[in-house]
Amino acid sequence: MHSLSDENIMWKVCNGQVEQLGLLFERYHVKLYNFFLRTTADKELSQDLTQNVFERILKYKKTYKEGASFKSWFYRIARNVKIDHFKKQKMQTSSLDEAKADRNPSFAGQDGPYMEQEERIRILYESLNQLPSDKREILILSQLEEMEYREIAKIFDITENSARVKVHRALKSLKEVFHKKY
Amino acid sequence: MKYEDIEPYLIDFVKGNLDEDLEYRIRAYLNANPDFQKEIDELKDTLEFVQESPLIEPEPGLKMEFYAMLNAYQVSPPTEKTPVWTYILDVFQSRKTLTWGSFILVIFLAGYFTSNIIHQPGTDQSESALSANQAQEKPSASQAPYSEKKYQDQDLSAENSADEGEEYTLSSEDSKEPLAISEIEALDNEIPASGGISDELIAFEQRARSGEDISRDQLIKNDLNSDERIQNIYTSMKSVNQDEVIIQALIRALNTDPNPNVRIAAIEALEKFAGQNQVKHIIARSLDNQSSATVQLATIDLIVKYQIKEGASSLKKLLVQPGINQTVKQQAEIALELIS
């Protein structure tokens, strides 16, 4: 599909062709936005964090090493941006539960063919928000972002086998939350 | 075999992604532990539930903000400068030069403060008076007749060298200068409009390109820098009273703005009106004028998203362009399939 790999494009950005970041933005901004949306359940915040990630890429482009997996590096930055944001706001992960009523993407009051789909999203978000941050992130990256275990292992600085186990346990936790609530 | 040994592979087992050996080992465990089937079934249900959840599109403002940020970075990238203090400290580290260093510092500080006193607001009347005179002598761009304005625009572009520098490229084709209004009109004469286009539509397009109706909004004024032009477009997206003036200004920006970031912003904003047939037509036609790969990609996206079938001829033209960017080529081919 893509003639240039993410790594090649990022390397060009590193070497001063910053306009190439537009291509990476086009490839990843929807996924990244959904990564934040699913981990924070806040549309506005997710937009801001997505923008922050690309700003940080520009700022720290020199830290990207040639040939390194772009996806892993990219989502590491994304995690750091999110962690920094909540540190700055002095918000605990658990407070997401308290605020979820306000920040949950709301589709209430809408009719039509998308209603069932939107209800599904709402249930998923509410269930995800019951999980600890680490489990939520690893689940989103593996199942929703379809990231490979070796890439997840790099992001979380763990072994590939450990990544597999963590994804499985996160999925089990989600199932338990889901069954409790619905 | 223990549960711990098969646990890392259970998700791939459910998805059917395992090699024969691992799958056999898990099935063997399942045979020895029939209760385990329940866990597998639940895992399967949960996976299906998670994976069937669709992605949500972010607000268009995200793209706008990104390209504005990228544009600002290109115009004035941060520079890594060595602080002046390090030089001063270097000087003072040497005892021999301490006296000279102190002397130079005193002179420097004295000069700095004297300069500040002289240049305080209100004291530099001669300079501000000169600027006012110059302003009076030089008519503004908006006051000038069209023929004069053309030359003024050239002056402005020459003065604003930063804007020239921010023109970015993805391929050698992108270094082409964007078409001037007259060139686009000439191009329009060469390429006959596709069948079924009404006179009204042609008139609308011509008005949009000439900008003759744009007096109230002045959305994309040429004397603004590209950041301000992008910001104006972004503001127009939030406007409640969208009307033809805004559409025309956006189309004009899309077809004539020298900065590709502005053109991308314009096409993003135009998406709001893409339900209108005349806007669809103009989006399709604009592909003929675009030389920036990024703008071409954004236009192709809209052609596919809104199933603009008349975009097929522009896509075909694009595909035979020499030096076409490979990503653009692939997307154009896919788009052709998707709209036909």
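Of the 182 residues of chain A, 38% count as buried, where buried stands for 20 or more other C-beta atoms within 10 Å of the residue's own, exposed for 12 or fewer, and partly exposed for values in between, with C-beta atoms placed from the backbone. The model is predicted, so local features need pLDDT of at least 70 and side-chain atom pairs count only at pLDDT 80 or more, while totals for chains, interfaces and linings use all residues. Residues are numbered from 1 along each chain as its sequence is written, and chains are lettered from A and ligands numbered from 1 in the order in which they are written.

**Exercise 1. Describe the secondary structure of chain A and check the span of helix α7 (residues 133-144) of chain A.**

Step 1. Helices (H or I, at least four residues) and strands (E, at least two) are DSSP runs, numbered from the N terminus. Chain A has nine helices and zero strands.

Step 2. The expected span of a helix is 1.5 Å times one less than its number of residues.

Step 3. The buried residues of α7(A) are A:R136, A:E137, A:I138, A:L139, A:I140, A:L141, A:S142 and A:Q143. Just after this helix, A:E146 takes a positive phi of about 55°.

**Exercise 2. Are A:A41 and A:D157 buried or exposed?**

Step 1. A:A41 is in the loop between α2 (21-40) and α3 (43-59) of chain A. Its phi is near 55°, a positive value in a residue other than glycine.

Step 2. A:A41 counts as buried because 23 C-beta neighbours lie inside 10 Å.

Step 3. A:D157 is in the loop between α8 (149-156) and α9 (160-181) of chain A. It is not a glycine, yet has a positive phi of about 60°.

Step 4. A:D157 has 8 other C-beta atoms within 10 Å and is therefore exposed.

**Exercise 3. How do helix α5 (residues 60-75) and helix α15 (residues 260-270) of chain B cross?**

Step 1. Axes are lines fitted to C-alpha atoms, for helices over the stretch in contact, and angles run from 0 to 180 degrees between N-to-C directions. The two axes come within 10 Å and cross at roughly 175°.

Step 2. Angles under 35 degrees count as roughly parallel, over 145 as roughly antiparallel, 65 to 115 as roughly perpendicular and the rest as oblique. α5(B) and α15(B) are therefore roughly antiparallel.

Step 3. The contact is made by B:P60, B:K63, B:M64, B:Y67, B:L70 and B:N71 of α5(B), and by B:N261, B:I264, B:A265 and B:E268 of α15(B).

**Exercise 4. How many residues of chain B are in contact with chain A?**

Step 1. 31 residues of chain B are in contact with 39 residues of chain A.

Step 2. On the side of chain B that touches chain A, α5(B) gives the most, with seven residues.

Conventions: Contact = placed C-beta atoms within 7 Å.
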